[in-house]
Amino acid sequence: PIATALISPGAGESTHPLQYQLEQNYPNPFNNKSTIGYNIPKTSFVSLSVYDIFGKEIKVFVHEEKVPGHYEIVFDSQEFVSGIYFYTLKTNEFSQSKKMILMK
């Protein structure tokens with residue numbers, strides 16, 4: 001199963017992010033599992049997917065409406081081979097991709 005979590009703000013922090021943000025996965029490079037964080041500043045339909053080096057979508061993590069907040073998913077790479085992958089966060093107002101390296 002894919003882990004997805006809404007992280008609650010700590011003392012003194014805003015109740016929701018001020019802008020969309022896709023964070024670099026960590027660790028990177030990674031061997032088995034890597035965490036991807038992202039921020040959503042307002043209720044939005046969100047898509048978060050992983051693509052191979054050829055641009056083929058190989059994994060969909062999120063494809064639903066999300067409320068404002070910080071989220072994290074855990075990418076379990078057991079079924080994938082070593083190589084370079086890209087992950088993309090898309091909403092109606094925002095799109096960003098980042099690179100990650102799987103080393104088995």
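## Ground rules

Two strands count as paired if DSSP finds at least two bridges between them. Strands themselves are DSSP runs (E, at least two residues), and helices are runs of H or I with at least four residues, both numbered from the N terminus.

The model you are looking at is predicted: local features need pLDDT of at least 70, side-chain atom pairs count only at pLDDT 80 or more, and totals for chains, interfaces and linings use all residues. Residues are numbered from 1 along each chain as its sequence is written, and side-chain values use heavy atoms, with hydrogens and water left out.

## The chain as a whole

Let's start with the overall picture. The protein chain has zero helices and eight strands, so labelled by the DSSP runs described above. Of its 104 residues, 38% count as buried, where buried means under 20% relative accessible area, exposed means over 50%, and partly exposed lies in between (1.4 Å probe, protein chains only).

## A four-stranded sheet

Next, follow the strands. Four of them make an open sheet in the order S5-S4-S7-S8, with antiparallel pairing. S5 and strand S8 (95-102) are the edge strands, each pairing on one side only.

Inside the sheet, S4 pairs with S7 in the antiparallel sense over five bridges, and Leu 48 stands opposite Leu 89 in S7. Leu 89 also stands opposite Gln 96 in S8; strand S7 (residues 83-90) and S8 pair over eight bridges, again antiparallel. S4 is mostly covered, with seven of its eight residues buried.

S4 and S5 pair in the antiparallel sense over eight bridges, with Ser 49 opposite Val 60 in S5. Five residues lie between the strands of this hairpin, where Gly 55 takes a positive phi near 85°.

Is Phe 54 buried or exposed? Phe 54 is found in the loop between strand S4 (44-51) and strand S5 (57-66), and it counts as exposed because its relative accessibility is 77%.
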